[in-house]
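This report describes the side-chain interactions and overall architecture of the structure shown below.

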Amino acid sequence: LYLAILYVSNFYDINLSLVVRDLAQTCGYPIGVGMISNIGILFWGAAASICFFTSFSESINRELSKLLLLGGVFSTLLCIDDFFLLHDRYIGPDFLNLTYLVISIFLLVRFRRLLKTIGLFSLIISILFLGLSVLFDGVIQQIYAQSYELTQLIEEGFKFLGIVCWLNFWCKAS
């Protein structure tokens, strides 16, 4: 992976020292820049890791294993999107948000009995907070463009709370 990244970066004429160094170090920013976003990305990754690890455990039933595998795949997708800003720069929020909505509905319908047994509260709260984040990002910021910093703080707050609840749910499910 390391060599592949270096090769691709070199192919696109990106200075290799920019590829291997931390962004804050490269840009000369203080340690706190992007900290909440980075912690959120770590939480997405933690949820994915916990789900994958537990889904392959022999001590759980097949249905729970399937749920955890889907949770791991979904968490990985959310982590990659958040880390590489796919929804902001490359794929676009409309397609990804629709994809996330479809996966969420599938998850809730397909595993409804199992989810009731585990407890839906953290998952529903997570989806609510993440949905509010999307609402603030796509709609509210357009309406209140003059208050961008405030709406950004609220949006990112909802997103962070959603990620924390997401991690809580998958830890409990695991």
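In this predicted model, lysine 159 is buried, with a relative accessible area of 15%. A value of 15% falls under the 20% limit, and the residue therefore counts as buried. Its salt-bridge partner is aspartate 82, and the closest N and O atoms of the two residues are 2.5 Å apart. This pair links distant parts of the chain, with lysine 159 in helix 10 (residues 148–173) and aspartate 82 in helix 5, 77 residues apart. Aspartate 82 is likewise buried, at a relative accessible area of 5%.

The structure holds 2 salt bridges. Besides the pair of lysine 159 and aspartate 82, a salt bridge joins the side chains of arginine 110 and glutamate 63, with an N to O distance of 2.3 Å. Arginine 110 belongs to helix 7 (residues 93–110) and glutamate 63 to helix 5 (residues 62–84), so the contact ties together parts that are 47 residues apart in sequence. Arginine 110 is partly exposed, at 33% relative accessible area, and glutamate 63 is also partly exposed, at 29%. Arginine 110 has a further interaction: its charged end sits over the ring of phenylalanine 111, 4.5 Å from the ring centre.

**Salt bridges**

| Pair | N to O distance |
|---|---|
| Arginine 110 and glutamate 63 | 2.3 Å |
| Lysine 159 and aspartate 82 | 2.5 Å |

**Aromatic contacts**

How many aromatic pairs does the count give? The count comes to 10 aromatic pairs. In one of them, the rings of phenylalanine 83 and phenylalanine 84 have centres 4.7 Å apart and planes at 90°, so the arrangement is edge-to-face. Phenylalanine 84 is partly exposed, with a relative accessibility of 48%. Another edge-to-face pair is formed by phenylalanine 169 and tryptophan 170, at 4.8 Å centre to centre and with 80° between the planes. Both partners of that pair are buried: phenylalanine 169 has a relative accessible area of 0%, and tryptophan 170 has a relative accessibility of 0%. Ring pairs also link these two residues into a cluster with Trp44, Phe74, Tyr100 and Trp166.

**Surface**

Tyr7, Val8, Phe11, Tyr12, Ile14 and Leu18 make a nonpolar surface patch of about 690 Å². Helix 1 (residues 2–11) supplies the largest share of this patch, namely 3 residues. Phenylalanine 11 lies in helix 1 and is exposed, with a relative accessible area of 57%. For the chain as a whole, the accessible surface comes to about 11,400 Å², and 69% of that area belongs to carbon and sulfur atoms.

**Overall architecture**

The chain has 10 helices and 0 strands, and its pattern along the sequence reads α-α-α-α-α-α-α-α-α-α. The C-alpha trace spans about 50 × 45 × 30 Å along its principal axes. Of the 174 residues in the chain, 32% are buried. Among contacts with a separation of 6 or more, 64% are accounted for by residues 24 or more positions apart.

Note on methods: Residues are numbered from 1 along each chain as its sequence is written. This is a predicted model: local features need pLDDT of at least 70, side-chain atom pairs count only at pLDDT 80 or more; totals for chains, interfaces and linings use all residues. Side-chain values use heavy atoms; hydrogens and water are left out. A salt bridge is a side-chain nitrogen of Lys or Arg within 4 Å of a carboxyl oxygen of Asp or Glu. Helices (H or I, at least four residues) and strands (E, at least two) are DSSP runs, numbered from the N terminus. Buried means under 20% relative accessible area, exposed over 50%, partly exposed in between (1.4 Å probe, protein chains only). Patches are made of residues with over 30% relative accessible area and no salt bridge: like charges are joined within 9 Å, nonpolar side chains (Val, Leu, Ile, Met, Phe, Trp, Tyr) within 5 Å. Accessible areas come from the Shrake-Rupley method with a 1.4 Å probe; for residues, only the protein chains shown count as cover. Rings of Phe, Tyr and Trp (its six-membered ring) pair if their centres lie within 6.5 Å; planes under 30 degrees apart count as stacked, over 60 as edge-to-face and the rest as tilted. A charge sits over a ring if NZ of Lys or CZ of Arg is within 6 Å of the ring centre and within 35 degrees of the ring normal. Contact means heavy atoms within 4.5 Å.
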